[in-house]
Amino acid sequence: ESIRVVVLAANGKAFCAGGDLKWALGNSSRPAAAFHELAGRFHLAILEIRRMPKPVIAAINGVAAGGGFSLALSCDFRIMEKSAILRQAYTSSGLCLDGGGSFTLPRLVGYARALEIAAFDEPIGSDQAFAWGLVTKVVEDGQALTEAADVARLLTQKSMNSFAWCKKLITDSFNTSFETQIERERAALEACADHPDGLEGL
């Protein structure tokens with residue numbers, strides 16, 4: 001409960017270069033079985049980020065490719081350094097989007113652009129990523145973690161209960177009808193109004 005915001009950052013030159021394809025080839029006689037195991041573990045992390053009732057910020061300091069691309073997209077906010085690169089990378093290896101990428105990517109950039117990114121797998125620089133809505137903010141090299149910490153501090157001044165409900169409503173909105181969604185909003189609004197944060201805000 002004492003943790004209010006989570007920042008995902010790299011300890012190296014890349015944010016995350018994705019899965020180890022050589023491991024998948026050498027792990028078994030059937031690479032498909034290796035990917036089944038790897039994806040299962042990875043998906044648990046992605047689900048945790050999407051279901052966590054706290055803000056999650058990605059501090060992208062270098063390449064975010066393959067699973068790293070999907071990992072960054074699963075976060076609520078993405079701070080990207082100018083020289084960093086996004087690349088979905090899966091299709092260049094004869095694979096398909098994973099890690100929730102097929103869910104988050106079209107919701108961030110639209111169907112046509114998501115299909116373009118998947119089909120051509122061109123590296124996406126920081127300016128393009130920002131213009132397409134893939135990242136929240138672009139900063140100078142070496143400043144992603146500092147900026148992420150500043151954003152985290154701003155978020156801690158807000159109601160975490162309110163944020164948690166908004167994150168849940170927005171995440172779940174893609175799977176429900178409009179009628180169901182507005183009923184969920186009503187229930188969430190009632191819960192917020194009963195919470196100490198809501199009472200103070202009112």
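**Entry 1: the surroundings of Ile60**

Leaving aside neighbours within four places in sequence, I find Ile60 in contact (heavy atoms within 4.5 Å) with Phe15, Ala72, Arg78, Ile79, Met80, Glu81, Ala84, Leu86, Val135 and Ala144. I note that this is a predicted model, in which local features need pLDDT of at least 70 and side-chain atom pairs count only at pLDDT 80 or more, while totals for chains, interfaces and linings use all residues. Residues are numbered from 1 along each chain as its sequence is written, and side-chain values use heavy atoms, with hydrogens and water left out.

**Entry 2: the nonpolar cores**

I then looked up the nonpolar cores, each being a set of buried Ala, Val, Leu, Ile, Met, Phe, Trp, Tyr and Cys residues joined through side-chain atoms within 4.5 Å, where buried means under 20% relative accessible area with a 1.4 Å probe and protein chains only. The largest has 28 residues, of which Ile60, Leu86, Leu105 and Leu134 touch the most other members. Two or more residues come from each of helix 2 (31–51), strand 2 (56–60), helix 3 (67–74), helix 4 (101–109) and helix 5 (111–120); helices (H or I, at least four residues) and strands (E, at least two) are DSSP runs numbered from the N terminus. Helix 3 gives the most to this core, with 4 residues. Apart from it I find another core, of 10 residues, including Ile57, Val139, Ala148 and Ala152.

I see 3 strands in an open sheet, in the order 3-5-6 and with mixed pairing, two strands being paired if DSSP finds at least two bridges between them. Strand 3 (64–65) and strand 6 (124–125) are the edge strands, each pairing on one side only. Strand 3 pairs with strand 5 (residues 85–87) in the parallel sense over 2 bridges, and Ala64 stands opposite Leu86 in strand 5.

**Entry 3: Asn161 and the helix pair**

Is Asn161 buried or exposed? I find that Asn161, placed in helix 8 (residues 160–172), is buried, with a relative accessible area of 18%. Not counting residues up to four places away in sequence, Asn161 touches Cys192, His195 and Asp197.

The axes of helix 8 and helix 9 (residues 178–194) come within 11 Å and cross at roughly 170 degrees, the axes being lines fitted to C-alpha atoms over the stretch in contact, with angles from 0 to 180 degrees between N-to-C directions. Helix 8 is therefore roughly antiparallel to helix 9, a term for angles over 145 degrees. In this contact Asn161, Ser162, Trp165, Leu169 and Asp172 of helix 8 meet Gln181, Arg184, Glu185, Ala188, Ala191 and Cys192 of helix 9.

Terms used: Buried < 20%, exposed > 50% of the residue type's maximum accessible area, 1.4 Å probe, protein only. Parallel < 35°, antiparallel > 145°, perpendicular 65-115°, else oblique.
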